[in-house]
Amino acid sequence: MPTRIKLHDARFDLAEDPFTAVGDEREIPPGDVIISLARFQEHGEWLLSDGRKVGVRLESHEEVEALAYDLPRLSLVALAFPKFGDGRAYTSARLLRERYGFKGEVRAVGDVLREQAGFMVRCGFDAFEPADGSTPQDWDKAVHRFRHVYQRAVDGRPPAFAERGK
Amino acid sequence: MYQYDAIDKDILADRSAEFRGQVARRLAGELNEDQFKPLRLRNGLYLQLHAYMLRVAIPYGSLNPAQLRKLAWIARTYDKGYGHFTTRTNLQFHWIKLADAPDIMDHLASVDMHAIQTSGNCVRNVTADPYAGATAEEIDDPRVWAEAMRQWSTVHPEFSWLPRKFKIAVTAAPKDRTAAKVHDIGLVLKRARDGSLGFEVMVGGGLGRMPYIASTIREFLPVNRLFSYLEAILRVYNRHGRRDNIHKARIKVLVATLGAEEFARQVEAEWEKVGTGPDLPDTELARIRGAFAPKTFGTLSPRSDAFETARAGQPAFARFARNNLKPHKVPGYGIVEVSLKGIGETPGDASAEQMEVVADLAERYGQNDIRVTHEQNLVLPHVKLDDVPAVWAALDAVGLATPNMNLVSDIIACPGLDYCALANARAIPVAQHIAEKFRDPERAERVGELKIKISGCINACGHHHVGHIGILGVDKKGEEFYQLTLGGSGAEDAAVGQALGPALPYDRVADAVDTLVEVYLRERKDGERFLDTFRRTGVAPFKEAVYADAN
């Protein structure tokens, strides 16, 4: 079973991935799956009623608003980085967490590098499929690189102004 | 000047350590150039024509003497003994070795400086009025807001991977010295009738191959809502800005495509949902305001005998005082402009020795305050009139007292083909030839305010679109040609210039400028600037004269 880096209780671990990512050209296998937005919109109801966990993969141009009413029933949203410089998924992750209160897994897939770790965690990602062979240790180091942050974000770290206000 | 606290210093140290690790991975071959490039750019490190270039951030153009001395020391130790001040009020070193870059970052951090986000598709160094805190025109100190935005934008988790670079300018004076209307966001502090402070928010200006003047999307944004509003703007841009075509990726294209009204509607809709979360507490704004160590000004007579005596006795000083000295908000003080546009010199360049002299003067006479302007000059914002003669003499001794502010030889020029990998034509020698033509300061003063801006390629780093006379270098079958535009302005009356006619060969440019000036002197009516005359007469008389000469 493939693995991905998972963040839980402020620790990064290599964890087995219970989900199967299914491309649109493949038949949907049994078990927990991640499917495209288009496929979810077509077959989501059937899959969910099947009693399994369902995740949806959003491409960087697809908007989280499309999932607004289905989010409570989804276990996972995978946000794609076609290139690591395409930053739309950061906004998507924040909206999932802050605007929609999504509690499931938010996974970074695609061109995912350790250099993005800090940005991703701050925006609410909690699972990662790195493309650069980086390890949980690399992610841990990258995320804790900065002892302070200037802005409020999803991760709840107190920003500099809050630290100063103490 | 804003005083960094332990948190600000830690962030610089952490960033520097991160960059050192990235350079080590690159030098060890663990990162290839494609992977390393976006990382080094976020730290201001470019690979130019001949060497690495390091662009050091000078947030809102504000420096203290220790910082300027450190820049001089770096110039001498790691470069060829000089640095280049840019239209983003940054300082560039053009001859840096990659292996030295991490050490340079540490040296910068030792004086609270860095190169964070001076490049890359993120929020760049925020610029502000170089007269901030010194001019009576302003209604509040824009540096407070610029510093708050510096912090907000530094390693921003959501907005560090935008479709393209993002530039913000803030001013608080009716006279715009920041070129706010050609920025991605231009902010103008205003006071409402009830006395409360707010911003006029202008979005979507920019130069480059598609020049646009920014549109006002909000007349008055209460200052305490600035950060949620910025978040809304940047979120709309991050989601909907084009990423398929680098030339159409700036926010100006999104604003122009949607129309300013529709863009504003989307921003307002997003802003409503953002809520009040991201704004800074008033206590933090008060802390930032307090961290700009307040200046203490003496109670002086508005008239200085020492100043008047020098002015009456020395014509050269009188000329300097006329052109390079601006009124200060406190009687008995002045704002001294230090020209980095010596005749025959490279616009914006300063030697290590010159930087040290300016640092000394700021320390001795200038309340430890130095500013960089977007027109590539320096400013000593707080000098007693009594001390201006001494400051002038010291500047003059190192070639920094050229009395040409806003005159024809005060030219913005990008580095051009001499340094830049993107350029199609030289810019520096063109500026030098024009300056030579107007070497006679009496003639230059007779001409009055005339802003010439030169770019060596369509990326427009030299702001040619908004020059009263703009000059754009183009390559035609291996030969350098120059397209002239007239009537542009980057100030509060911002406008994009209009083409004069066919491009001219390299050796015709300075003569053409001379001709344009002669037409202006002939046509002008009572005290009009070049720009005003052009706006009245249109392009015809100018065009006729230049191309008649060319035939």
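This is a predicted model: local features need pLDDT of at least 70, side-chain atom pairs count only at pLDDT 80 or more; totals for chains, interfaces and linings use all residues.
Local features need pLDDT of at least 70 and side-chain atom pairs count only at pLDDT 80 or more, while totals for chains, interfaces and linings use all residues; side-chain values use heavy atoms, with hydrogens and water left out. Residues are numbered from 1 along each chain as its sequence is written, and chains are lettered from A and ligands numbered from 1 in the order in which they are written.

**Interface of chain B and chain A**

Chain B contributes 44 residues to the contact and chain A contributes 30 residues, where contact means heavy atoms within 4.5 Å. Together the two chains bury about 3500 Å², with 55% of it on carbon and sulfur atoms; buried area is the accessible area (1.4 Å probe) that two parts lose on being put together, summed over both. Of the area that chain B buries against chain A, 24% comes from B:Pro157, B:Trp161 and B:Arg239, more than from any other three residues.

There are 11 salt bridges across this interface, a salt bridge being a side-chain nitrogen of Lys or Arg within 4 Å of a carboxyl oxygen of Asp or Glu. One of them joins B:Glu231 to A:Arg94, at 3.8 Å from N to O.

Several helices of chain B each supply at least two residues of the side that touches chain A, among them H1 (6-27), H6 (226-240) and H8 (260-274). Helices (H or I, at least four residues) and strands (E, at least two) are DSSP runs, numbered from the N terminus. H1(B) gives the largest share, 11 residues.

**Sheet of chain A**

Eight strands of chain A form an open, mixed sheet in the order S2-S1-S8-S7-S6-S5-S4-S3; two strands pair if DSSP finds at least two bridges between them. S2 (11-16) and S3 (20-21) of chain A are the edge strands, each pairing on one side only. S1 (residues 3-8) of chain A is antiparallel to S2(A) over six bridges, and A:His8 stands opposite A:Arg11 in S2(A). Helix H4 (residues 136-143) of chain A packs on the sheet, where it touches S1, S2 and S8 (127-128) of chain A, and makes about 150° with the direction of S2(A). Axes are lines fitted to C-alpha atoms, for helices over the stretch in contact, and angles run from 0 to 180 degrees between N-to-C directions.

**Sheet of chain B**

In chain B, five strands form an open antiparallel sheet in the order S1-S2-S5-S4-S13. Its edge strands are S1 (45-47) and S13 (349-351) of chain B, and the twist averages 30° from one strand to the next.

| Strand pair | Bridges |
|---|---|
| S1(B) and S2(B) (residues 52-56) | three bridges |
| S4(B) (residues 82-85) and S13(B) | three bridges |
| S4(B) and S5(B) (residues 91-96) | two bridges |

B:Leu45 has B:Leu54 in S2(B) as its bridge partner, B:His84 stands opposite B:Asp349 in S13(B), and B:Phe85 stands opposite B:Leu91 in S5(B). The hairpin of S4(B) and S5(B) has five residues between the strands, and B:Thr89 in this hairpin takes a positive phi near 60°.
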